[in-house]
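Got your viewer open and your selection tool ready? Let's take a short walk through this one, stop by stop.

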Amino acid sequence: MCIQTLRRAAALKQNFCCWYCDFQMWERNCEEFARKHNISVGEAKRFQCTAEHLIARRDGGTDIASNIVAACLFCNRTRHRMPSALTHKRYRHRVSRAIRKKKWHPSSIHAALGGVCR
Ligand SMILES: [Zn+2]
């Protein structure tokens, strides 16, 4: 299966909620998403739905369904930008702690979008 198919299957299973931050994601239409949630297009960009490898490719993770979840662009990039990438479990824990303190996304976004997925 190609990565796009795996991403879509994961996103549907997750109701388009990010695996890490649990915020709503968009798949095709950034502008529509921004309008719907009353945020700017720039703010909406981070919520693009991406395929996230639980075990990163560089650590031997492959493109199989059990290794792919759907994550927003921001969470995906942030995890892999860390000098030593955390395991997906530890990273998810760290993100949810920041979410509880409303310190993961900009505060305007927490106000507009927080709780949509819960
Ligand atoms: Zn996210």
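## Stop one: the zinc site

Start with the metal: along the chain, the donors of the zinc ion are spaced as C-x2-C-x50-C-x2-C. Keep in mind that you're looking at a predicted model. Now select Cys18, Cys21, Cys72 and Cys75 and show their SG atoms, the protein donors, which sit 2.3 to 2.4 Å from the zinc ion.

Next, pick out Cys72 and colour by accessibility. Cys72 has a relative accessible area of 0%, so it counts as buried. Cys75 is buried too, with a relative accessible area of 0%.

## Stop two: the largest pocket

Now select Met1, Leu6, Ala9, Ala10, Lys13, Gln14, Trp19, Leu54, Ala65, Ser66, Ile68 and Val69, the lining of the largest pocket. Two elements, α1 (3–13) and β2 (68–72), each give two or more residues to that lining. Which one gives the most? That's α1, with four residues. Colour the lining by class and you get nine nonpolar residues, two polar and one charged. The space inside comes to about 180 Å³.

## Stop three: the second largest pocket

Last stop: the second largest pocket, with about 150 Å³ of space. It has 12 lining residues, and the ones to select are those closest to its centre: Trp19, Tyr20, Cys21, Asp22 and Arg92. By class, this lining has six nonpolar, two polar and four charged residues.

Key:
Residues are numbered from 1 along each chain as its sequence is written. This is a predicted model: local features need pLDDT of at least 70, side-chain atom pairs count only at pLDDT 80 or more; totals for chains, interfaces and linings use all residues. Side-chain values use heavy atoms; hydrogens and water are left out. On a 1 Å grid over the protein atoms alone, a cavity is a set of points where a 1.4 Å probe fits but cannot get out, and a pocket is an open set with protein on both sides within 12 Å along at least five of seven lines; lining residues have an atom within 4 Å of a point. Grid points are joined across faces, edges and corners, and a volume is the space filled by probe spheres set on the points. Ala, Val, Leu, Ile, Met, Phe, Trp, Tyr, Cys and Pro count as nonpolar, Asp, Glu, Lys and Arg as charged, and the others, Gly among them, as polar. Donors are N, O and S atoms within 2.8 Å of the metal (3.2 Å for Na, K and Ca); water is not among the atoms, so sites may look incomplete. Buried means under 20% relative accessible area, exposed over 50%, partly exposed in between (1.4 Å probe, protein chains only).
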